Amino acid sequence: MLRFLPILLLFFGACTPTTQTEIYRFDQIVVTKNPTSPPPAFPQSFFPEKLRFLESSEFKTSHIHTKEAYLLLESEESLASILKRIENRSMQGDWKLIDKTEKNGEVTYLLEGFIKKSLSIVVSETGSPTHYLRFYFRKHSSY
């Protein structure tokens, strides 16, 4: 019986539930549940280090250029660390902080980038150590 123990351990170890990426395409809209990476329109320097992507969507004007995008992720990083990262990143010059609002356990940032780009970040504070971040991106020009 003990000779089958390593095989059984490998078998039961492989049976753990995993999240699978689901991608839905509707002409110029791409919706992804449990994505492995964020849409390329988002500057990844705003993301916390410990994160998990939950869902994303993109509206593209062509196969390459993103007009609008949305991303939902969760992070176990501390709220103070997340807010500090966003504020420090906005001081680097390519994204200008327009507005910061704190209301009902949520902190909202509105940023403006070069070539008529806007980025909105909503950080939701929960009672648990997990925090949810929502990113909204919009490009207002056609190039």
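**Strand β8 and its two partners**

Let's start with a pairing: strand β4, residues 66-75, runs antiparallel to β8 over 8 bridges. Pairing here requires that DSSP finds at least two bridges between two strands. Y70 has Y136 as its bridge partner in β8.

A word on the source. This is a predicted model, where local features need pLDDT of at least 70 and side-chain atom pairs count only at pLDDT 80 or more, while totals for chains, interfaces and linings use all residues. Residues are numbered from 1 along each chain as its sequence is written, and side-chain values use heavy atoms, with hydrogens and water left out.

Back to β8. Strand β7, residues 117-124, also pairs with β8, antiparallel, over 8 bridges. A hairpin of 6 residues links β7 to β8.

Now the side chains of β8, residues 131-139. They alternate. H131, L133, F135, F137 and K139 point to one face and are buried. Buried means under 20% relative accessible area, with a 1.4 Å probe and protein chains only.

Now the whole protein. It has 2 helices and 8 strands. These are DSSP runs numbered from the N terminus: helices are H or I, at least four residues, and strands are E, at least two. The order from the N terminus is α-β-β-β-β-α-β-β-β-β.

How much of the protein is buried? Of its 143 residues, 35% are.

Last, contacts, meaning heavy atoms within 4.5 Å. Among those with a separation of 6 or more, 43% join residues 24 or more positions apart.

Note on methods: Buried means under 20% relative accessible area, exposed over 50%, partly exposed in between (1.4 Å probe, protein chains only).
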